[in-house]
Amino acid sequence: MNKIFMLFLLIISSLYAQESSSLKPNYYYANVNVNYLDWLSKTQELESKDDFLYFGVEGGANWDEGDFYGFLNLENPFQSYTDEDPHSLRFTAFADVDINIKNNFKIHIQDYHLHSESFYVNDFVVGASYKYMSDFGLWFRPFLGVHFTNDTYYDGFNGYMTGWLFSYNFKLFDQDFNIFQWNEIEFAREKDFYKADDGSRIGDSESWGLNGALSFWWLINKSFSTGLQYRYADNKLGSAEYQSAFIYTARYHF
């Protein structure tokens, strides 16, 4: 957690570097946000999951050498860190770096971390990506990489991850909107990760897993936006069941 936190702060602080600095990005963005995750009824029945509030800060930037994106979230912000899961205070962090190679091909590195009193997980991926950008508001970035997992129960190589980011900006009724998706597919996981010694399924339960969200954003003005996200996961988040939720978000942009 400390490494991701320090990397995030280092990159974000560089966004505000002086004009003469070599760290000055071509462009950058940052926002603070408040979110409410509402699990759908079927997921709550199967998994006994609780809805929760979380606060976040996120930002990104582009340099000639590549791109950066990251966020820090505080889940259940009004609960205690020592409360019983899933009611406890939790921390999540994510960092994504794409280093330019040639012709929009990039070295791709991403790291996700969740930490609570009783559980932690760190998913690290390193590989390659490609970024396509149109002249009509659409961009698409698929990636493929080697996946390493370090959590409460497993530590080591854990197969591979592929996926994509998709974004499309458009106008409707003279208002600015955006459709965005992030999608991750894990495959060829190590058997020790999802099978116990007796062969029974544990945790994410399969050699593959799906994780992502599809979101619709209303960009109200330069300072405020709001959005609705459909969050989904299958053989992921420690469960064999398909899980889904809606996330309601409001953001203030700097």
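Reader: What makes the meeting of glutamate 58 and arginine 251 a salt bridge?

Author: Their side chains meet at 3.5 Å, N to O. A salt bridge needs a side-chain nitrogen of Lys or Arg within 4 Å of a carboxyl oxygen of Asp or Glu. The 3.5 Å value lies within 4 Å, so the pair is called a salt bridge. The model is predicted: local features need pLDDT of at least 70, side-chain atom pairs count only at pLDDT 80 or more, and totals for chains, interfaces and linings use all residues. Residues are numbered from 1 along each chain as its sequence is written, and side-chain values use heavy atoms, with hydrogens and water left out.

Reader: What makes aspartate 96 and arginine 141 a salt bridge?

Author: The side chains meet at 3.3 Å, N to O. Aspartate 96 sits in strand E4 and arginine 141 in strand E8, 45 residues apart. Both aspartate 96 and arginine 141 are buried. The structure holds 12 salt bridges.

Reader: Aspartate 176 and lysine 171 also meet in a salt bridge. Why is lysine 171 called exposed?

Author: The relative accessible area of lysine 171 is 54%. That is over 50%, so lysine 171 is exposed. Aspartate 176 has 32%, so it is called partly exposed. Their side chains meet at 2.7 Å, N to O. Elsewhere, salt bridges that share partners join Asp123, Glu186, Arg189, Asp204 and Lys236 into one network.

Reader: Why is phenylalanine 148 called partly exposed?

Author: Phenylalanine 148 has 34% relative accessibility, which lies between 20% and 50%, so it counts as partly exposed. Phenylalanine 148 is in strand E8.

Reader: Which residues make the nonpolar surface patch?

Author: Phe148 is one of them, and Ile99, Ile107 and Trp208 are also among them. The patch covers about 940 Å². Patch residues have over 30% relative accessible area and no salt bridge; nonpolar side chains (Val, Leu, Ile, Met, Phe, Trp, Tyr) are joined within 5 Å, like charges within 9 Å. Areas come from the Shrake-Rupley method with a 1.4 Å probe; for residues, only the protein chains shown count as cover. Strands E4 (90-102), E5 (105-115), E8 (138-151) and E9 (155-172) each supply at least two of the patch residues.

Reader: Is serine 205 buried or exposed?

Author: Its relative accessible area is 5%, under 20%, so serine 205 is buried.

Reader: How do you know how compact the chain is?

Author: The chain has 3 helices and 13 strands. Its radius of gyration (over C-alpha atoms) is 19 Å, close to the 18 Å of the globule rule (2.2 Å times the number of residues to the power 0.38) for 254 residues, so the chain is as compact as a globular protein of that length.

Technical notes:
Helices (H or I, at least four residues) and strands (E, at least two) are DSSP runs, numbered from the N terminus. Buried means under 20% relative accessible area, exposed over 50%, partly exposed in between (1.4 Å probe, protein chains only).
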